[in-house]
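The following exercises concern a single structure. Each task is followed by a solution in steps.

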Amino acid sequence: MLWASSLAKSYPPRRLFADVSVQLAPGRRVALVGGNGIGKTTLLEILAGINEPDEGEVHRQSGLTVGYLPQELDEITEGTVLEATLAGAGDITAMTADLRSLEARLADVEAADHDEVLARYGELEARFRQIGGYGFEAEAHRVLAGLGFAADDAQRPVAQLSGGWRMRVALGQLLLAKPDVLLADEPTNHLDVDSVAWLEDQLAAWEGGLLFVSHDRDFIDAVANRVIEMDGTSAYEHVGGFAEFVASREERIAAAEAAAALQARRRAHTERFIERFRYKATKARQVQSRIKALEKLAPVEVPSRKELAARFGFGTPRRSSRVVTELIDATLGYADGDEPVLRGVNLVIERGSKVGVVGPNGAGKTTLLRVLQGDLGVLGGELHRGRNVDMATFEQHLTEVMDPRRTVAEEFTASVGDQPGRNVRTMLGGFGFAGDAADRKVADLSGGERTRLALGITMANPVNLLVLDEPTNHLDLPSCDLLEDALSVYPGTVLLVTHDRHLIRSVADSLIVVRDGTATLHPGVDEDLLRPPGLSTRRTAGGSTTGNTGTSGSGSQGTGDGGASSQHAGGRGAGTGAPTSRAAAAERRREGASKRQAAHDATAGLRRELAAAERAWEAAEHRVAELQALLGEPATYDDPERARQAAEDYGAARSEAMRHMSECEALQRRIDRAASAL
């Protein structure tokens, strides 16, 4: 549907890439990876028609629709959330408005053009029904719910939303519009873990072409069936998910290194021959021939193994008390008359622990962090803070308050001051700004480079409590790898809010789950807690299994160290090859059966309500189908009054069906919450 060949782009004196080719066909879902500032966003803009290549061509099939989700968004400020989402498919929205207008005109049965309006209404309604227009608004509500919007958010003005929530609206527009080709630049940046998991399911089933930039390994593995790696010169395509990409990349590098080594041996042999026989007349012709051959020999290009990302380093912090912070039966919120955000919170954060904080947006993660950081008191219960606690906090807004006129070195120095015994440029080199990169203007940095600089500023002083709020947004994969390594050996305490499940598995030793009006600390990292309740297990695009499987998915299982694996995973060693006694297995089955029975008993009343609501929904949908069929019959329009009444009844029936659908969804969420709380 869309293909590009031999693309090249430069911003003198830098050449971003050259000889890049891309093919996007139906069902081809491609992840685009590479270092920050290497040209991934520029490539997407070229394919979207926003930017022009210096060389190469982009070809689009006639009538092709292309949707593009940028990293930053300035548009979408008009209308409500639902209206803005529905605007994603302009044809259906326009047809809906036309139908409403025609219905109003049909009320005037004495109008001279009544028959003409009636005929026009019949034709338009048939087309509208054919393209699925009647289910369009229900689909919009489903998409918004998946992206984290509550039911009453649909009527909120978009102008009141933060930038992150506006990005969700823009993503909802695109998912609803279903363009032939979807281009998305880090679509998970503003999502929580629940919404990321939901989006995976949607894009893994995407029928059109898809090209997306992401640093999230789980997301890439779940969605992509191809990976394109940009390395600063060209691009290389790998078939499969992230695991296959890593293996293929290593094979390519090894093959290039072997070819380079062979070429070096041949070059050395030729040079020795030339030196040996350079002045021997009988060998003059052979010597000249080999000199020319050497001049024509193009060197084999070996991809650099040098990581272009930040090297995050930590000083040695002073020792804090064993308990860093503790909440006992705490009620959290704001003392302005509003309802509390969280109740019954009991948490103990100990020195040296690495705690992941997860939960849907709006559940209270920010409120909890503000309390743990000391910015907010508790409304009830007890809050205890430890002694000698030194804290540093990273938040995304730090990238927005930098002075664009300063150089990287000037911004770093202005923010952290002089560091006795440490050179500013040496520290910046550790964060990926070596040499001339430290003299670049902040205004010229990419989003990922600004994030690296903000992380460097946050981590420059040794602290024993590090609070990181979505630190991987805009970072490239190598930077995420180095952040992961640094946090794993960091000697202090870490509170990590992130939607990157791979980072959580690799770093965290416990989880705080913020959901359903409370926050609960869980030892270990249970895979079930990283996905919204009720989201089923599925096979990823890369071939691995993800979802509510009860396994960590971190890759640390199945190493042969059965006991260690089980303990590290919080008892999730089943299926790793570790020996398990029959008695223990039976006990686990009994516990599982007991939990299922408890969940069944606790939700019995809600399930009866849901069954009744589903029957009402089914009846309403049946009525909608009857009226739809009636409106599709030409004979209906022989009687203008009958046609007008049918159109009016249809609108009322559709509203009734939507109401019952919302009621069913709300009941199902209550059932899921009640079951997960046990």
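Helix α12 is followed by G417, whose phi is positive, near 75°. The model is predicted: local features need pLDDT of at least 70 and side-chain atom pairs pLDDT 80 or more, whereas totals for chains, interfaces and linings use all residues. Residues are numbered from 1 along each chain as its sequence is written, and side-chain values use heavy atoms, with hydrogens and water left out. Helices (H or I, at least four residues) and strands (E, at least two) are DSSP runs, numbered from the N terminus.

**Exercise 1.** Determine which residues of α12 are buried, and where they lie around the axis.

*Solution.* Step one: buried means under 20% relative accessible area, exposed over 50% and partly exposed in between (1.4 Å probe, protein chains only). In α12 (residues 408–416), V408, A409, E411, F412 and V416 are buried. Step two: these residues cover an arc of only 165° around the axis, so they are on the same side of α12; the arc is that of the directions from the helix axis to the C-beta atoms. Step three: the buried residues of α12 pack against α13 (424–430) and α14 (447–459).

**Exercise 2.** Describe how α5 and α7 pack.

*Solution.* Step one: helix α5 (residues 136–146) and helix α7 (residues 193–204) pack at an angle of about 135°, their axes being 9 Å apart. Axes are lines fitted to C-alpha atoms, for helices over the stretch in contact, and angles run from 0 to 180 degrees between N-to-C directions. Step two: that angle makes α5 oblique to α7, since angles under 35 degrees count as roughly parallel, over 145 as roughly antiparallel, 65 to 115 as roughly perpendicular and the rest as oblique. Step three: R142, V143 and G146 in α5 meet S195, W198 and Q202 in α7, where contact means heavy atoms within 4.5 Å.
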